[in-house]
Amino acid sequence: MKTFTERQQIQLVPIAERYKHIQPKPQLPNFAAVIEGVDLTQALTEEVKQELRQALLDFEVIFFPPVEISNEQHVELARVFGPISLGAFHQRSGDNPEIEVIENDASRPPEIDHWHTDISWVENPPRGTVIQIREVPPYGGNTVWSSMSKAYAGLSEGFKTYLQGLTATHTWEVSKWREYLEILGDEALIKGVTKFKPVHHKIAKYIPEVDKTVLYVNETFTKRIDDVPENESKYILRFLAEWIKNPEYTYSHRWEKNGIAVWDNRLTQHFAIADFWPNRRQNYRVTFNEPDQVEQLQSKKLTEQLSETV
Ligand SMILES: [Fe+2]
């Protein structure tokens with residue numbers, strides 16, 4: 001009998017062989033690498049950009065040591081990984097509508113202390129996100145990432161087979177966004193409901209670039225598993241929400257001022273710990289799309305798209 005304690009061997013990324021221009025230092029096997037040897041204040045060469053894209057696939061979330069960069073350099077860094085995405089409903093940085101600013105202080109408590117993947121409530125969610133924490137609290141305020149490839153790989157074969165045929169409904173309406181839009185007023189809420197209808201995603205999502213399957217449900221935006229009894233959906237989602245919190249699948253990042261993280265939104269979920277409140281924390285965020293979504297974005301100016309959102 002095969003015991004469940006048997007672990008599947010994982011093939012470690014051959015770092016010395018694969019990387020010649022950057023130095024990734026993983027914090028866990030094949031997960032969460034600090035990238036050394038890159039100067040983000042200078043234009044990046046094609047070789048470096050290529051290795052950064054590879055590192056994001058290999059390690060799912062990558063970090064850069066603290067560095068002062070301009071808003072333009074922040075956006076340029078996101079462009080290394082994909083065309084800039086529309087983002088969500090967050091406040092924008094004045095001259096750079098691509099940048100969302102998430103500021104917390106005594107009067108604005110943090111609200112993203114729940115597991116999620118960014119904007120899974122659209123048909124084509126952003127491929128990933130680049131954040132810089134421009135102001136760090138004196139203590140606390142870590143962000144935790146969970147590897148969805150590790151979480152999926154850890155399940156039994158029978159359970160994987162069960163999940164493979166299923167899709168789930170994702171919508172911002174089950175999240176705090178609804179409350180936020182309600183506060184803005186009926187018009188904003190109606191616009192949100194009209195523009196962003198619920199979408200369906202496969203629960204076991206195959207990612208060809210890494211030849212891995214990931215778990216793609218999150219407790220913030222996933223409303224229900226489609227075509228199964230309501231209670232089955234409820235308890236399976238509850239189980240999966242707990243499953244991904246296994247400390248073995250997660251990495252908790254302690255921020256320094258101007259530290260930067262880039263994550264693949266398909267391969268990970270994240271949780272911004274709210275323990276620093278009422279201290280101040282300022283997060284600059286840019287989301288980027290799948291590479292093949294270039295044309296869709298070019299066909300419409302970003303600013304026009306933004307003005308259409310709530
Ligand atoms: Fe997020």
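**Close-up views of a predicted model**

**View 1. The largest nonpolar core and the surroundings of Ile62.** In this predicted model, the largest nonpolar core has 31 residues, and those with the most contacts inside it are Ala55, Phe59 and Ile62. Such a core is a set of buried Ala, Val, Leu, Ile, Met, Phe, Trp, Tyr and Cys residues joined through C-beta atoms within 7 Å, where buried requires that 20 or more other C-beta atoms lie within 10 Å of a residue's own, with C-beta atoms placed from the backbone. Two or more residues each are given to this core by strand E2 (31–36), helix H2 (46–59), strand E3 (61–64), helix H3 (71–81), strand E6 (128–135), strand E14 (259–264) and strand E16 (281–288); helices (H or I, at least four residues) and strands (E, at least two) are DSSP runs numbered from the N terminus. Leaving aside neighbours within four places in sequence, Ile62 is in contact (C-beta atoms within 7 Å) with Ala33, Ile35, Ala55, Leu56 and Val262. Another core, of 17 residues, lies apart from the largest one and includes Tyr152, Ile236, Leu240 and Tyr249. Residues are numbered from 1 along each chain as its sequence is written. Because the model is predicted, local features need pLDDT of at least 70 and side-chain atom pairs count only at pLDDT 80 or more, whereas totals for chains, interfaces and linings use all residues.

**View 2. The open sheet E9-E8-E12.** Three strands form this open sheet with antiparallel pairing, two strands being paired if DSSP finds at least two bridges between them. Strand E9 (199–202) and strand E12 (222–225) stand at the edges with a single partner strand each, so one side of each is left without a neighbour in the sheet. Strand E8 (residues 167–170) pairs with E9 over 4 bridges, and Ala168 stands opposite His201 in E9.

**View 3. The open sheet E13-E7-E15.** This sheet of 3 strands is also open, with antiparallel pairing. Strand E7 (residues 143–147) is joined to E15 by 5 bridges, and Trp145 stands opposite His270 in E15.

**View 4. The packing of helix H6 on helix H7.** Helix H6 (residues 176–184) and helix H7 (residues 186–195) pack at an angle of about 140°, with their axes 5 Å apart; axes are lines fitted to C-alpha atoms, for helices over the stretch in contact, and angles run from 0 to 180 degrees between N-to-C directions. In this contact, Leu181, Glu182 and Leu184 in H6 meet Ala188, Leu189 and Gly192 in H7.

Conventions: Buried ≥ 20, exposed ≤ 12 C-beta atoms within 10 Å, placed from the backbone. Contact = placed C-beta atoms within 7 Å.
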